[in-house]
Amino acid sequence: TCFLFFRESSSSTSDLGAPTKQKVDGVVIIGCSGAGKTVISHQLISGSIPQTVSSMIPAFNEVKLSSGNTVQLVDFPGHERLRQSMLQHVKSAKGVILVVDPRTTHSIKQTALLIYELFKSEDFSPTTPLLIFCNKNDTPEAKSHDRVKVLLVREVESMKKTGTTMGITDSSSTSTSSKRIQKDRPFSFELDNIAPVTFASGSAHGEQPKGLAPIMDFIENC
């Protein structure tokens, strides 16, 4: 069991692409806008579902584990204009949680684009554990996490062939950053990341703590 409390603070930036002044040394939650990252964070804080609005600033929190130790948790905004800053945040993360809305094709395509840029970037270490959490699985239109995995791999393969990007300028050279997205073999989460890539389903709106148990277990083990 993972016992959680949060002390929230925000980092100030001079522009949307500027790196945060607060050091990232814990777990970072990322995902597209509307995936439910902030609702998940609030459920872990108080068990309540807040009225949320899109944020442009990362929220830094502290998570207390069952061992009594604490781990930093960073809720990173999903706005596309912040993608470069996102890569800077995951660079030193102990683990990354990618929240997916599994209900629509559009959401899955946008998530695949995020994964494509994440895996291309040298800022995301192949030794960093990654949890891909399919939120909102309590809705009838939600796809299973196994199905989402298949669709994400298919979309990343398509992007690899077309060279689709979000316009992110990678800080590394092309020869280095492309090693994990190779054209001579199909994309694979297992082959393209040294650390485990875990898929799980749950819901911030479902019965708790069961609905977010995969996230709590992931944080506990990072």
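## Strand S5 and the cores around it

Every residue of S5 named here is buried: Gly95, Ile97 and Val99 point one way from the strand, while Val96, Leu98 and Val100 point the other way. The model is predicted. In a regular strand, side chains alternate between the two faces of the sheet. S5 covers residues 95–100 and is mostly covered, with six of its six residues buried.

S5 pairs with two strands, S2 and S6. The table sets out these pairings.

| S2 | 27–31 | parallel | five | Ile29 |

From S5 the chain crosses through helix H3 (residues 105–120) to S6. This β-α-β crossover is right-handed.

Which residues have the most contacts inside the largest nonpolar core? They are Ile30, Ile115, Phe119, Ile132, Leu152 and Phe189, in a core of 36 residues. S2, H2 (83–90), S5, H3, S6, H4 (145–162) and S7 (197–201) each give two or more residues to this core. H3 gives the most, with eight residues.

Ile115 shows some of these links. Neighbours within four places in sequence aside, Ile115 is in contact with Leu98, Ile132, Leu152, Val156, Phe187 and Phe189. In soluble globular proteins, nonpolar side chains tend to be buried together.

Methods. Residues are numbered from 1 along each chain as its sequence is written. This is a predicted model: local features need pLDDT of at least 70, side-chain atom pairs count only at pLDDT 80 or more; totals for chains, interfaces and linings use all residues. Side-chain values use heavy atoms; hydrogens and water are left out. Buried means under 20% relative accessible area, exposed over 50%, partly exposed in between (1.4 Å probe, protein chains only). Helices (H or I, at least four residues) and strands (E, at least two) are DSSP runs, numbered from the N terminus. Two strands pair if DSSP finds at least two bridges between them. A crossover is right-handed if, with the strands pointing away from the viewer, the path from the first strand over the helix to the second runs clockwise. A nonpolar core is a set of buried Ala, Val, Leu, Ile, Met, Phe, Trp, Tyr and Cys residues joined through side-chain atoms within 4.5 Å. Contact means heavy atoms within 4.5 Å.
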